[in-house]
Amino acid sequence: YVHCIAPNLHELQVLCQETQFTNEEHMIKSARALNFPFILLTCGKHGSYLIGRDIVLKQPAFPIDQVIDETGAGDAFRAAFATEIARLGNQNTETLAQALHFAAAAGALAVTRQGAVPSLPTRDQCQKLIIDTKGNFKARNLDLLKKEDTKWEFASRLNSMKARPDLFDKKKHDNTIAWIERQAQIPGLSFVDLNFPQHFQTSSVKQIKAALHKNKLKCGAICLRFPQIEFGQGALTNPNEKIRKKAQDLVLEAGKAAQALETNHVIVWPQFDGYDYPLSVDHFALWTRTVQSFQYICDALPELIISLEYKPTDEKTRYFAIPSAGAAVALAHDVQRVNFGLTIDVGHCLAAGENPAQSMALAASKNLLKGVQLNDWSRFGTEDGLVFGSCNYLAALDVLHVLKKANYDGHLYFDTFPRNEDPVAEADLNIRQVNTLLQRVTGTNFLSSLSKCQAQHDALALLNLVYHDQ
């Protein structure tokens, strides 16, 4: 009887008969399909995992100044894990995480010395490394098990809180902390997604963290907004290697902010990565730079999810390098990193001529759907950022139906632009709108009738169901 196997990433791919894992969830599902009680997986500088039938622990690698010899590092890791499990006795989530943390310290120390046996560290040396790093780099319980009754939490566009200055004292409220305080007034709001570096220019990470805690909110994601003055000719695809590296490093800074604010998600919107005129760029080079940039970022931030928010066009970039769901999925295939994914914006899908639900289903089928941004457009070509489902009601129902069917377990972000409306009231309406539509699209009678409509591709029956059968 085998209780635990301990492969490295390549060995796991062979065991699972996979050429590559498209992302972290694909890897975990494939590992579980082997049907062992536990799989202790080592991924080198990307850390390690303990994958069980009802638990997934992810352990980041300890940072090492200089790697001398990697021989025996895996052996040191596995031996340390086994001895720590034996010492602790009870096997529960806490003790397994503690053993994984201890094993990571042993593996890290082993690469700092020459030779296999001489590099094996002592218990005291492992404990010292853990103490010296102040208990950081602990294992996290990913809790990737999907539950049918998952209830979504919500975030709303922080910059919307600038709207209607007549409703508040602008002198006292024109900064990130004040906008967070305004969002705290929105019933049912749990998360705040912050733009980097813009929202960190008037307030420090420490101040933002304190404001979130004070207002009982959490950071949902850090969203990249590359400054135009530096990256107007391209950020991650800029032809100048130094500027491209500067853009990549800005994402890494955003990653540090994410870790400090206790979120594991960085969303990259490459607003200036593209071109305005056909024939003005080398399309092959543009694609290669995009792939290589995301590979570099994912490798540098292995403990974080890095997701791309694609868009087809806007006034800053007429043709985006990644303009569609299909192109984004193709990019994920070439990036080949388990921590790479996609954030899908309803309005961006509409601009690309896509049905948002279909794009989300495509991403979810590849285990790539990491973020969802909800809004609506009044007509094609206008980026209105209206209340979700206010214009495209049928498409809104389709989105929520797909998200439930895919067991999407992230939060929902309202990327809307109230110009004349009270932004607090508008966000409250968005939340109530989703809950109302969700109640309808998940009703037992509705689902039964919808299943019959979809099985027959019966559009008329569907329209009668949605608009006339209450």
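The side chains of Lys 370 and Glu 25 form a salt bridge, with an N to O distance of 3.0 Å. A salt bridge here is a side-chain nitrogen of Lys or Arg within 4 Å of a carboxyl oxygen of Asp or Glu. The pair joins distant parts of the chain: Lys 370 sits in strand 14 (residues 369–374) and Glu 25 in helix 2 (residues 24–32), 345 residues apart. Helices (H or I, at least four residues) and strands (E, at least two) are DSSP runs, numbered from the N terminus. Lys 370 and Glu 25 are both buried. Buried means under 20% relative accessible area, exposed over 50%, and partly exposed in between (1.4 Å probe, protein chains only).

The model is predicted; local features need pLDDT of at least 70, side-chain atom pairs count only at pLDDT 80 or more, and totals for chains, interfaces and linings use all residues. Residues are numbered from 1 along each chain as its sequence is written, and side-chain values use heavy atoms, with hydrogens and water left out.

The whole structure contains 14 salt bridges. One of them pairs Glu 153 with Lys 218 at 3.5 Å, N to O. Glu 153 lies in the loop between strand 5 (140–141) and strand 6 (154–156) and Lys 218 in strand 8 (residues 218–224), so the bridge ties together parts 65 residues apart in sequence. Glu 153 is partly exposed, at 32% relative accessible area. Lys 218 is also partly exposed, at 41%.

Within helix 5, Lys 128 and Asp 132 are 4 residues apart, about one turn of the helix. Their side chains meet in a salt bridge of 2.8 Å, N to O. Lys 128 is exposed, at 51% relative accessibility. Asp 132 is partly exposed, at 48%. A network of salt bridges links Glu 84, Arg 87 and Arg 123.

Helix packing was examined next. Helix 4 (residues 93–110) and helix 5 (residues 123–132) pack at about 105°, with axes 9 Å apart. Axes are lines fitted to C-alpha atoms, for helices over the stretch in contact; angles run from 0 to 180 degrees between N-to-C directions. Helix 4 is therefore roughly perpendicular to helix 5. Angles under 35 degrees count as roughly parallel, over 145 as roughly antiparallel, 65 to 115 as roughly perpendicular and the rest as oblique.

The axes of helix 15 (residues 393–405) and helix 18 (residues 459–467) come within 12 Å and cross at roughly 95°. These two helices are likewise roughly perpendicular. Tyr 393, Leu 394 and Leu 397 in helix 15 meet Leu 463, Val 466 and Tyr 467 in helix 18, where contact means heavy atoms within 4.5 Å.
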